[in-house]
Amino acid sequence: MSMSSARLRRGATVAVLAGTLVVPLTTGTAGAAPAAVTAALTADSPSPSPSEPAVRPLTPQVARQLDAAVRKVMHEANVPGVTVGIWTPGQPSYVRSFGVADKSSGQKMAPDLYMRIGSETKTFTVTALLQLVDQKKVGLDDPIGKYIGGVPDENRITLRQLAGMRSGLFNYSEDPDFFKALTSDPQRSFTPEQLLAYAFKHPVLFQPGHKFSYCNTNLILLGLVVEKASGQHLGDYIQQHILDPAGMKHTLFPAGNEFPTPHAQGYTEQTANGKETDAADWNPSWGWAAGAMISNLRDLRTWAPTVATGRFPGGKPMVSAAAQKQRLITPQTGSIKGAGYGLGIFDVRGWIGHNGSLPGYESLTVYLPSTRTTLVALLNTDTDYRSREPSTVLGTAMTKIISPGHVYNLPVTPTG
């Protein structure tokens with residue numbers, strides 16, 4: 001059994017917070033109304049003692065501990081290359097690259113390399129949606145049927161439920177016919193309508209709003225809503241209204257399988273035969289509004305506080321305070337204490353942000369508001385280690401060192 005099919009057997013709540021654009025290898029399962037705000041979720045986290053800071057100073061000793069922790073994770077999880085960064089105002093920064101970006105040439109990993117960021121794309125798509133809410137072009141509690149026809153339960157599923165992963169729609173990336181189409185030609189281009197067709201041939205899983213279930217279908221629909229309400233292609237809207245104002249010059253929404261240089265090669269076992277391959281030239285159009293974007297360490301450092309606060313660098317609002325408040329209502333998702341999901345964003349023990357995973361690449365971009373600390377990790381593999389994504393293993397190891405009262409952690413889930 002390959003790692004990919006093991007990933008399919010995870011519990012739904014873990015797959016949700018894993019930010020994974022999972023490609024199924026079998027026919028098995030892959031991995032709101034306003035309530036308490038994010039502060040309530042952090043009550044489940046252990047608190048540092050009064051004399052212990054929420055984030056430890058990045059002394060040379062702490063940096064050495066982080067170096068050792070990253071190398072240990074890479075060795076145990078067989079990760080080819082990693083780039084990580086930690087920044088807290090008033091402290092030294094920690095920026096390191098380990099391992100190789102290309103196993104065939106031996107090219108070293110480096111902080112300036114472009115990487116595919118998978119489901120971190122969702123934070124950009126939902127930001128675009130919230131901007132349109134501010135402009136009164138759409139409403140969070142509007143039914144999806146007001147904008148897009150032919151959706152199951154279209155008059156009951158709201159935009160809020162789509163952004164919060166509580167729609168009940170089937171996840172197209174779990175459809176076996178989709179998997180066959182993708183792996184038979186990984187460079188093919190998918191349209192949003194084709195992706196939705198894979199989802200809509202399946203019945204809804206539950207009544208909208210009744211459960212939490214991570215679903216890429218939701219974001220494809222929201223991407224179409226953004227296009228319809230704005231009159232722009234999604235990538236153009238994100239560039240003009242989010243990336244340019246944020247000064248993120250190394251982030252893009254690709255139209256096809258283009259990949260700026262320099263970039264890292266990405267290694268995956270999510271293939272038809274389960275054997276590892278380099279997925280750098282796979283076409284991410286199959287992820288579109290849910291997972292197609294590309295970025296690098298510098299830009300993700302910018303994005304972490306921007307999306308967590310709703311303000312561009314310099315202080316100008318990216319979305320209104322009211323919209324940001326709605327985004328950061330993160331009800332707990334099932335049994336994972338201290339972890340909740342809001343509108344295209346999560347709170348895991350105080351760390352606000354998102355992670356991403358698609359064939360060949362994983363990422364983690366999070367922000368701890370209490371100390372204004374940003375943590376970014378970029379990896380060039382998506383192969384699980386002991387049923388956990390390597391980005392989660394890495395995030396756990398690093399936050400145990402720098403923020404023991406706020407450990408980024410998702411539990412191991414049985415694969416059987």
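1. Arg 188 lies over the face of Phe 190, at 4.1 Å from the ring centre. The charged end of Lys 103 is placed likewise over the ring of Tyr 267, 4.7 Å from its centre. A charge sits over a ring if NZ of Lys or CZ of Arg is within 6 Å of the ring centre and within 35 degrees of the ring normal.

2. On the basis of these remarks: this is a predicted model, in which local features need pLDDT of at least 70 and side-chain atom pairs count only at pLDDT 80 or more, while totals for chains, interfaces and linings use all residues. Residues are numbered from 1 along each chain as its sequence is written, and side-chain values use heavy atoms, with hydrogens and water left out.

3. Phe 190 also belongs to a cluster that ring pairs form with Tyr 172, Phe 178, Tyr 198 and Trp 286. Rings of Phe, Tyr and Trp (its six-membered ring) pair if their centres lie within 6.5 Å; planes under 30 degrees apart count as stacked, over 60 as edge-to-face and the rest as tilted. The structure holds nine aromatic pairs.

4. One of the pairs is Phe 124 with Trp 303: the ring centres are 4.1 Å apart and the planes at 10°, so the pair is stacked. It links distant parts of the chain, with Phe 124 in helix α5 (residues 121-134) and Trp 303 in helix α12 (residues 297-309), 179 residues apart. Helices (H or I, at least four residues) and strands (E, at least two) are DSSP runs, numbered from the N terminus. Phe 124 and Trp 303 are both buried. Buried means under 20% relative accessible area, exposed over 50%, and partly exposed in between (1.4 Å probe, protein chains only).

5. A second pair is Phe 259 with Tyr 361, where the centres are 5.9 Å apart and the planes stand at 70°, so the pair is edge-to-face. Here too distant parts of the chain are linked: Phe 259 is in the loop between α10 (234-246) and β4 (267-268), and Tyr 361 is in strand β10 (residues 361-368), 102 residues apart. Both Phe 259 and Tyr 361 are buried.

6. Helix α12, which carries Trp 303, has 13 residues; at 1.5 Å a residue they should span 18 Å, and the end C-alpha atoms are 19 Å apart, which agrees. The expected span is 1.5 Å times one less than the number of residues. The buried residues of α12 are Leu 297, Asp 299, Leu 300, Trp 303, Ala 304, Thr 306, Val 307 and Ala 308. Just after the helix, Gly 310 has a positive phi of about 80°.

7. Strand β10, which carries Tyr 361, is part of an open sheet of seven strands in the order β2-β1-β11-β10-β9-β8-β7, with antiparallel pairing. The edges are β2 (94-99) and β7 (339-341), each with a single partner strand, so one side of each is left without a neighbour in the sheet. From one strand to the next the twist averages 15°. Two strands pair if DSSP finds at least two bridges between them.

8. Strands β9 and β10 run antiparallel and are joined by seven bridges, with Gly 353 opposite Val 366 in β10. They form a hairpin with two residues between them, and Gly 360 in the turn has a positive phi of about 100°. Seven bridges also join β10 to the antiparallel strand β11 (residues 373-379), where Leu 378 is the bridge partner of Ser 363.

9. Which residues point each way from β9? Trp 351, Gly 353, Asn 355 and Ser 357 point one way, Ile 352, His 354, Gly 356 and Leu 358 the other, and all are buried. With eight of its eight residues buried, β9 is therefore largely enclosed by the rest of the structure.

10. Strand β8 (residues 346-348) pairs with β9 in the antiparallel sense over three bridges; Asp 347 stands opposite Ile 352. In their hairpin, two residues lie between the strands, and Arg 349 in the turn has a positive phi of about 50°. The hairpin of β1 and β2 has six residues between the strands, and its Gly 90 takes a positive phi near 85°.

11. Helix α14 (residues 390-402) lies across β1 (81-87), β2, β9 (351-358), β10 and β11, running at about 145° to β11. Contact means heavy atoms within 4.5 Å; axes are lines fitted to C-alpha atoms, for helices over the stretch in contact, and angles run from 0 to 180 degrees between N-to-C directions. Glu 389 is in the loop between β11 and α14 and, at 2% relative accessibility, counts as buried.
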